[in-house]
Amino acid sequence: SIVAQPKWGKSGSAMDCRTDKEIEEGMIVRILDLDDGATPTWDSAWDRDENIQIYVPNELRTDGSYDWDETLENALVWLDETKEMIAEGNVKAAILDGMDKVYDGSGEIMRESLVNMNQSKQGIIRDTLKLRIEPFQWKIRNDVYNKIQNLFMDLNTHRFVITHLKPIYDSANLSDGPSRWEADWHKNTPQRMLQMIEIQKVKRGKTTNYIAELVSCKTNSNAVG
């Protein structure tokens, strides 16, 4: 996993996963870009290298809101296609750019399904903000989220999961600002990671450095730090 704030080098770091030899051999990097932000990096840093393949699955409704059913169905089609390409032997890595978006989308699918279940024949106002959700009903969200996560983790290639940081407020006074930042994904996700990278932004005089640190590693604990 690669975790950082927006525009701190998450997508670019993952795109850089090929060796010079693998680039010459035409190895492919496949990107499922729910964040819809990888294309500018591909354009500026890679001159639109045809072997970096970016797919944005996002579908919008006429009112501008996300159609999460269609978006995540598109993601499933991409996962099937990627699995077939990996079997052909020329895919270096698959990148899921926006695990937080999968989390958000799964939650919205759950809320909409519960609203639809409670509609009368005349219909009701789709006010999901006031919807009461029982503990057992969160399973709907978790099942959708885990389906995407499991299929991605099952791909037989190098896999990168990218997500943002979300603010955590311990104080009731929001003006105090966030107490800390945490990776924005379901709580079961970190245990699936073999290596975890965090990127920090450090200003030194007129220079801004982005420093990627390996914060945990199941395959080589000596590399941590």
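This is a predicted model: local features need pLDDT of at least 70, side-chain atom pairs count only at pLDDT 80 or more; totals for chains, interfaces and linings use all residues.
Residues are numbered from 1 along each chain as its sequence is written, and side-chain values use heavy atoms, with hydrogens and water left out.

Lys 101 forms a salt bridge with Asp 35, the closest N and O atoms being 2.7 Å apart; the term denotes a side-chain nitrogen of Lys or Arg within 4 Å of a carboxyl oxygen of Asp or Glu. Because Lys 101 lies in helix 5 (residues 99–117) and Asp 35 in the loop between strand 2 and helix 3, the pair ties together parts that are 66 residues apart in sequence. Helices (H or I, at least four residues) and strands (E, at least two) are DSSP runs, numbered from the N terminus.

## Helix 3

Helix 3 (residues 38–46) has Ala 38, Trp 42 and Trp 46 as its buried residues. Seen down the helix axis, these fall within an arc of 45 degrees, so they line one face, the arc being that of the directions from the axis to the C-beta atoms. On the other side of helix 3, Pro 40 and Ser 44 are exposed.

## Asp 49 and Arg 18

Asp 49 and Arg 18, both buried, form a salt bridge with the closest N and O atoms 2.8 Å apart.

Methods
Buried means under 20% relative accessible area, exposed over 50%, partly exposed in between (1.4 Å probe, protein chains only).
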